[in-house]
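I record here, in short entries, what I looked up in this structure.

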Amino acid sequence: MAAVPVPPPPLLASHAAVRAAASAVSHSRRVRLAGDHPPQVAALRRGDWVKLICGASFEDAADVRNLSLVYTLAGVDCIDCAADASVVGAVNEGIDVAASIVPEVQRPWVMISVNDDCRDLHFRKAGFDPEDCPPDCSKPCEKVCPADAISLEHSMVGGEHTGSDPLRGKYEGGVITERCYGCGRCLPVCPYDRIRAVSYVRDPTMTAELLKSNDVDAIEIHTTGKGTDMFNTLWDSLSGSINNVKLVAVSLPNIGESTADLMNAMYIIMESQFKGYNLWQLDGRPMSGDIGRGATRETVSFATHVASMSERPPGFYQLAGGTNSYTIDCLKKAGLFQSISVAGTAASEIASSHQALIGGIAYGGYARKIVGRALRKIPEQFGRVRIEDHPDHLLEALQEAMSLIGPVKDYNPVLPSLSHDTS
C-alpha cells in the first residue's frame, strides 16, 4: 500500500525568526497610543508615518506582492501602487500573507496613484524597437535600468546563436513594460537616440471604480504644478467616489514662491466634497532615492521651504522623491524631524492639538532596491517567486526593510542571524 503523502507544515511553522523580528515591530507600535485616530493618522501626527511607493507605473504584480509582504512586516503605514486592479490585488495579497505569518501585524492602508497631466514623470514608459538597435550595441540602456526592465538578446540566424558574434543577427526583447516605471535613465545613455518616452494619463473612470472597492483606502493625485484646471477636471470625475477612501494625497513639485498659492487653490477645490484626511506629498527629486546622499537634499530643501510658508494649507505633509537612508539625518540637521507644529489634520476639521510639521516619509526606488537584493538571490524557477517560500531570503529582505523603517519608527529589535535554522 502506497504511503500517504505527508502535507507540508503550515506556513507559520517555517518562519519563527521572521515572526520574532516582525512581532517586535508590532509590539513597538502597540505601545504608542493612537487615541481617537486610526493608527495611520496617529503616525502622521507623531511624524513617524512611512509609506512604501511601489511605483505609479510599476505593474509587475509578483514583485509588488513580495514588496508589500516584506514592508507590511517591517511596519509601514501605507503602500502606494499603480491604479490597476491586478496591482491592487497583488498588494492586498502580500498584506494578507504577512498577516498569516504575524497575525498581530497592522494592515497598512492601500493607496493608488493617478495623474491629472500626461507631463508627470511618474506616468510614462520607455519604448523602442529592438530590431532598430545595431547588432554591436553595448546595451547601456540595459545596464543602467534600476528596475531590470530592459532585456536584449541576439536572435538566431541560420540556426546558429549569434551571441558570440555581435556583428551578425539582430536584437530581440526590449522594454518589459510592466517593470518600467518611467525613471528615464535609459533615454540619455542610448548612443543611437532610439529610446522614447511614452506618457499616459490613468483612466479616471477605472480609478473611480477602484475607489468604490474595499481594496483601496487612499488615493494620491500627482500634479505637475502647471495650474489647477486639469486637477479640477480630474477631481470632478472622481467626486462621486472620493469619499469611499480615508485619505487623499496630492503630490507636487517645488515651484518656488507660488507653491503655497497652488496648494491653497487645490485645497479649496477638494474641501467642499471630501470629508477625510488630506496629505501633501513634497516631491523633491522624483525617482532618485537609489542614487545616493545628494538625491535627498532637494526634498529636504522643499520641506524647509514649506516649513517657512506662513499660508500653507491644512493637512499632513510628507516627503518623497530622493528619499533614502540619508533622509532622516538631513531632516534632523534641518530641525524638521518630528518637529511639532499646530495644523489641521482633516479637511472637515481644524485640529486644536499639536502634530508634527512633517508627518512622515515615503520611500520608493531605494526601498525597492534594498529588498530587491534579497529577492534576486532566490534561485530562478518557473512561475511566480513567493518570498515566503524562502524563509532565509524573507528574513534578509525584512532586515533590509527594517534598517530603513526603524529610524523613522524608532524601533531597533535585535534581528536573528541570517544563517539561522528556519526548519
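I take helices (H or I, at least four residues) and strands (E, at least two) as DSSP runs, numbered from the N terminus. The model is predicted, so I note that local features need pLDDT of at least 70, side-chain atom pairs count only at pLDDT 80 or more, and totals for chains, interfaces and linings use all residues. Residues are numbered from 1 along each chain as its sequence is written, and side-chain values use heavy atoms, with hydrogens and water left out.

Entry on helix H2. I looked up burial (under 20% relative accessible area; exposed is over 50%, partly exposed in between; 1.4 Å probe, protein chains only). Of the 8 residues of H2 (residues 39–46), 6 are buried, so the helix is largely enclosed by the rest of the structure. These are Gln40, Val41, Ala42, Ala43, Leu44 and Arg45.

Lys139 has a phi near 60° and sits in the loop between strand S4 (124–127) and helix H5 (140–144). Lys139 is buried, at a relative accessible area of 18%. For Met287, which is not a glycine, I found a positive phi of about 55°. Met287 lies in the loop between strand S12 (277–283) and helix H10 (297–307), and is buried at 17% relative accessibility.
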